[in-house]
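Dear colleague,

I am handing over the structure below, together with notes on what was found in it. Please read the notes with the model open beside them.

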Amino acid sequence: QKEVEQNSGPLSVPEGAIASLNCTYSDRGSQSFFWYRQYSGKSPELIMSIYSNGDKEDGRFTAQLNKASQYVSLLIRDSQPSDSATYLCAVNIWGADGLTFGKGTHLIIHP
Amino acid sequence: KAGVTQTPRYLIKTRGQQVTLSCSPISGHRSVSWYQQTPGQGLQFLFEYFSETQRNKGNFPGRFSGRQFSNSRSEMNVSTLELGDSALYLCASSLGTPNQPQHFGDGTRLSIL
C-alpha cells in the first residue's frame, strides 16, 4: 500500500524566513509529485508539480525531488503570513490510481 | 477560465438516505477524480472517470459510485448513508494525460445526522 508521510507540525517560521516542508513516499514507482496548499475551510490549491530529480523553482517556491531517497520537499522563501496554511504532498503512479496524499503539514508564519 | 464547480456546497442527510453530488470540470479537462477528506483519514481517492469510463478506483465500498457524462461533467452517488460518510467530498479535474496536475473544486460538505 502506498504511503506518503509528512510531519503534521505545526511548523512555526518567522516572517521573511525560509519555510522547509518535507515529504517521504513508500512506492518507488511513483512518477508525479505535487504540493497543494489548503487554507482552513477551503479546498486544496496546486502550488507546485515536479517529475524529475532536482529542483524546480516558481517564484518564492522551490520543489526538490530525490527519487533515490524517495523524498520530496518544498521551500518557501521570504515567508509571508498569508503562507500560513496546511501543505499537502501528493504522489501519483500514472495509470494506477489517483493521487495519494500525506496528512499535511500545518505551517504558521509569525511576525 | 472557470474552475471546477461542485454543487451543492452543503448537504445534510440522515442515515440510510442516498445522495448525489455534481461536478463540472474545467473546460477541456476530460478526467474527473473524486476524493473524500476527513480529519482522521485525510484525503482519500474514491475513483476517476475519463471519457465516460471509470479508469481507476480507490478502496471504498460499493455504496460509493459515480458516472461521467459526454460533456465530462460527473456525478457521485452514495447510497445507504452512514454517520462515517460525513466528510468534505472533493472533485478534481485534469487533462487526463500523464503528469497533468489535478485542480480541485470547492467541495461539497456532507453531514449525516
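**Cavity, pockets and a hairpin**

The largest cavity holds about 190 Å³ of space, where a cavity is a set of points on a 1 Å grid over the protein atoms alone at which a 1.4 Å probe fits but cannot get out, and lining residues have an atom within 4 Å of a point. A volume here is the space filled by probe spheres set on the grid points, which are joined across faces, edges and corners. Among the 21 residues that line this cavity, Asn92(A), Trp94(A), Glu48(B), Gln100(B) and Gln102(B) are the closest to its centre. Two or more lining residues come from each of strand E4 (32-38) of chain A and strands E4 (31-38), E5 (42-50) and E6 (53-57) of chain B, where strands are DSSP runs (E, at least two residues) numbered from the N terminus. By class, the lining of the largest cavity has 5 nonpolar, 13 polar and 3 charged residues; Ala, Val, Leu, Ile, Met, Phe, Trp, Tyr, Cys and Pro count as nonpolar, Asp, Glu, Lys and Arg as charged, and the others, Gly among them, as polar.

This is a predicted model, in which local features need pLDDT of at least 70 and side-chain atom pairs count only at pLDDT 80 or more, while totals for chains, interfaces and linings use all residues. Residues are numbered from 1 along each chain as its sequence is written, chains are lettered from A and ligands numbered from 1 in the order in which they are written, and side-chain values use heavy atoms, with hydrogens and water left out.

The largest pocket, a pocket being an open set with protein on both sides within 12 Å along at least five of seven lines, has a volume of about 600 Å³. Of its 21 lining residues, Gln1(A), Lys2(A), Thr100(A), Leu43(B) and Gln44(B) are the closest to its centre, and E5(B) gives the largest share of the lining, 4 residues. The second largest pocket takes up about 450 Å³, and among its 21 lining residues Gln38(A), Thr86(A), Gln37(B), Thr38(B) and Pro39(B) lie nearest its centre.

In chain A, strand E6 (residues 54-58) and strand E7 (residues 61-66) pair in the antiparallel sense over 5 bridges, pairing being called if DSSP finds at least two bridges between two strands. Asp58(A) has Phe61(A) in E7(A) as its bridge partner, and in this hairpin, with 2 residues between the strands, Gly59(A) takes a positive phi near 65°.

With best regards
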